[in-house]
Amino acid sequence: MSRSPSVPDRPTLELDPEMSDEERLSALQEHFTDITKVNDKLGERVDAAADRREDLAEEVDKLQRENEMLKTTSLYVATVEDVTEDGVIIKQHGNNQEVLTDMAVQLREDIEAGDRVAVNDSFTIQRLLDTEKDARAQAMEVDASPAVTYGDIGGIDDQIREVREAVEEPLVNPEQFEEAGIEPPSGVLLYGPPGTGKTMLAKAVANETDATFIKMAGSELVQKFIGEGAKLVRDLFSLAAEREPAVIFIDEIDAVASKRTDSKTSGDAEVQRTMMQLLSEMDGFEDRGNIRIIAATNRFDMLDSAILRPGRFDRLIEVPNPTAEGRRRILEIHTDGMNLDDDVDFDRLSRATEDFSGAEIESLTTESGMFAIRDGRTEVTMDDFDGALETMEAGDQSTVPNLRYAY
Ligand code: ATP
């Protein structure tokens with residue numbers, strides 16, 4: 001730091017009482033000149049100091065802004081648990097630590113339980129965050145009342161019955177399990193080829209039981225950063241607890257619950273951590289009340305046996321591709337709102353669609369409608385269905401690319 005220049009000596013004047021008036025006048029004039037010089041010098045110093053003060057004020061301003069910026073980049077995300085007279089209880093994301101803290105005065109009016117907030121190093125709430133920025137919302141599909149009913153699902157009546165028994169009954173009629181003295185199954189696992197109605201089934205259960213449907217794809221749980229997958233699992237279950245009754249649907253569960261491999265890469269370790277978190281959430285499940293889990297996979301053979309242990313997924317329900325009768329039913333469901341010519345023969349179509357999944361049958365109905373529209377008609381004929389079938393069998397030669405394998 002620069003040192004201040006020394007202050008010039010203050011001129012002094014000593015008048016001899018013996019002096020003549022002339023001598024006295026000349027001494028006073030000399031003294032006046034000295035004082036004026038010192039005054040000028042001091043004036044210069046004051047100007048220089050004012051300039052320096054301005055420079056320093058600018059520097060302070062810049063440092064303050066930098067400081068603010070540094071403070072904002074180091075904020076942590078937390079959720080407000082409760083607003084009490086003693087302060088606000090928050091739970092930090094990542095480590096789940098609960099802290100009693102305070103908040104910036106201007107936020108007092110706006111904060112309530114459930115809000116997502118940013119806190120600084122000393123846990124003081126700095127900012128209220130937009131809930132839409134919540135990672136949970138990005139990774140999960142939450143539907144308070146899905147529109148699918150059991151009547152929309154064709155060809156898997158046995159599976160519907162089993163799911164109703166294992167998932168719907170405990171939600172709607174918990175007393176009967178208590179009276180019988182048995183624990184209701186905590187979850188069911190649906191397995192089978194893609195597009196057979198597994199997601200629909202989970203949505204229909206949520207609809208029929210007035211439960212919130214919360215879907216998360218297993219692939220979303222495989223995260224890049226350590227601990228993030230496990231955190232998403234915790235978030236998933238805590239969201240379900242907030243919204244109970246709830247049906248949690250974990251699609252592609254094989255992404256996190258695959259058989260352990262010998263590979264020791266950190267990515268595998270992270271997937272393992274996520275799966276351990278999932279298992280522990282499922283084990284602590286009975287106390288959670290009205291939450292049921294439905295998981296789905298196309299790769300049953302890949303699943304780790306830990307996930308299939310009793311108390312976790314005690315019901316394993318296969319959802320295969322539909323039989324001829326099932327395909328007929330699915331055709332009826334998906335052509336329900338269509339303008340069909342009398343010549344459309346469902347029996348022949350259900351025979352011609354062997355190996356088709358429900359999703360592929362739905363595509364067939366849409367594609368046949370497209371055939372009619374391209375021909376300038378709105379009534380769909382058997383020829384349109386035949387054309388659509390040919391296109392789908394041929395794979396990607398259609399204007400609608402490769403519908404057969406779209407799912
Ligand atoms: P994935 O394993 O790929 O997730 P999924 O088995 O969950 O598939 P859904 O998402 O339920 O399949 O089905 C996709 C679409 O296919 C549904 O929206 C529906 O239109 C149709 N579909 C599939 N199966 C059936 C079915 N059994 N009855 C009626 N429609 C069906």
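## Ile-250 and its surroundings

Ile-250 counts as buried because 26 C-beta neighbours lie inside 10 Å, and the cut-off for that class is 20 or more. In this predicted model, Ile-250 belongs to strand E9, which covers residues 246-251. Apart from residues up to four places away in sequence, Ile-250 touches Met-216, Gly-218, Ile-293 and Ala-295. Leu-221 is 29 residues from Ile-250 in sequence, and the distance between the two C-alpha atoms is 9.8 Å.

Asp-254 sits in the loop that runs between E9 and helix H8 (266-283). Asp-254 is a buried residue, since 22 other C-beta atoms are found within 10 Å. With neighbours within four places in sequence left aside, the contacts of Asp-254 are Gly-218, Thr-297, Arg-299, Met-302 and Leu-303. Leu-303 is 49 residues from Asp-254 along the chain, yet their C-alpha atoms are separated by 5.8 Å.

In soluble globular proteins, nonpolar side chains tend to be buried together. The largest nonpolar core here has 54 residues, of which Ile-214, Leu-236, Val-247, Ile-248 and Ile-294 touch the most other members. Helix H7 (residues 228-242) supplies the largest share of this core, with seven residues.

Helix H11 (residues 358-374) consists of 17 residues. From first C-alpha to last, H11 reaches 25 Å, close to the 24 Å expected at 1.5 Å a residue. H11 is mostly covered, with 12 of its 17 residues buried. Those buried in H11 include Gly-358, Ile-361, Leu-364, Ser-368 and Phe-371, as well as the charged residues Glu-360, Glu-362 and Glu-367. The buried residues of H11 pack against helix H9 (324-334) and helix H12 (382-393). After H11 comes Gly-376, with a positive phi near 80 degrees.

In H9, the buried residues are Gly-326, Arg-327, Arg-328, Arg-329, Ile-330 and Leu-331. Their cover includes helix H10 (346-352) and H11.

## The ligand shell

The ligand has 20 residues around it, and those that come nearest are Pro-194, Gly-197, Thr-199, Gly-358 and Ala-359. Helix H5 (198-208), H9 and H11 are the elements that give two or more residues to this shell. By class, the shell holds nine nonpolar, eight polar and three charged residues. Domain 3 (137-318) and domain 4 (324-406) each contribute at least three residues to the shell.

## Overall figures

The protein has 12 helices and 11 strands. Of its 407 residues, 32% are buried. Among contacts with a separation of 6 or more, 70% are between residues 24 or more positions apart.

Methods
Residues numbered from 1 in each chain as written. Helix = DSSP H or I, 4+ residues; strand = E, 2+ residues; numbered from the N terminus. Expected span 1.5 Å × (residues − 1). Contact = placed C-beta atoms within 7 Å. Near = placed C-beta within 6 Å. Domains from an automatic or database assignment. Core = buried A, V, L, I, M, F, W, Y, C linked by C-beta atoms within 7 Å.
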